[in-house]
Amino acid sequence: GLSDRPVGGLAVDQWVESCAAVLDEARSTKAIFCSPFVSGPLVLEFVRRHPQRCSGLIFVNTYACWAARADYGAGAPPEEVAKVREFMAKAWGRDGFPVPSAPSQAGNAAFLRWSAAVQRAMASPEELLQGLTTLETLDSRSVLPQVQVPTLVMARTGLAPGAFARARYIADHVPDARFVELPGADVAPFYETPELVLDQ
């Protein structure tokens, strides 16, 4: 039943335990986690609870904390968060939606139709907004200094300045993390120069 959609938005406990269940089923004792998009805080929460099950971390264009805090200048200010919520509420799941995570595909009509269908299968607009509300509250920065496994952080130089700074924050606060700048502006790691991501 762990694969059921959480009721009331993104359930962090359910997500972490779902991850553990998948690892159990695969008989994986130690895994390397690749964390793209908005999954940074969730992966870090898994590492906090199950450090013995992680042998390495790869972060791609993600963050440990999205929204601004008094001691976190890299976080998205309230007006940016509000703009994201408004945009997603209007555009989520609609054909022609200009996918912010993949600007390299903006002129690819087939991709935009496919992406809209995937979005509709993932979540309703209401579920999405509930998830965004949860993401605003997540702050996994305290886990970063505790990470004891090899960590690679990648960020595209064409990201919005705040997004780039949030990715860089992870590298600056995980002991001995390696930070790699990639060309382009896609948040998604697999459309724009995927070979560079894989080479790293």
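Is Asp24 buried, partly exposed or exposed, and what is its relative accessible area? In this predicted model, Asp24 is partly exposed, with a relative accessible area of 48%. Its side chain meets that of Arg53 in a salt bridge, with an N to O distance of 2.8 Å. The pair links distant parts of the chain, 29 residues apart: Asp24 belongs to helix 1 (residues 12-25), while Arg53 sits in the loop between helix 2 (40-49) and strand 2 (54-60). Arg53 has a relative accessible area of 12% and is therefore buried, since the cut-off for that class is under 20%.

Within helix 2, Arg49 and Glu45 lie four residues apart, about one turn of the helix. They form a salt bridge whose closest N and O atoms are 2.6 Å apart. Here Glu45 counts as buried at 12% relative accessibility, whereas Arg49, at 30%, counts as partly exposed. Both residues also take part in a network of salt bridges that links them with Asp13 and Arg48.

Turning to another part of the chain, the side chains of Asp95 and Arg120 meet in a salt bridge at 3.6 Å, N to O. Asp95 lies in the loop between helix 3 (78-91) and helix 4 (109-122) and Arg120 in helix 4, so this pair ties together parts that are 25 residues apart in sequence. Asp95 is exposed, with a relative accessible area of 53%, and Arg120 is partly exposed, at 46%.

Key:
Residues are numbered from 1 along each chain as its sequence is written. This is a predicted model: local features need pLDDT of at least 70, side-chain atom pairs count only at pLDDT 80 or more; totals for chains, interfaces and linings use all residues. Side-chain values use heavy atoms; hydrogens and water are left out. A salt bridge is a side-chain nitrogen of Lys or Arg within 4 Å of a carboxyl oxygen of Asp or Glu. Helices (H or I, at least four residues) and strands (E, at least two) are DSSP runs, numbered from the N terminus. Buried means under 20% relative accessible area, exposed over 50%, partly exposed in between (1.4 Å probe, protein chains only).
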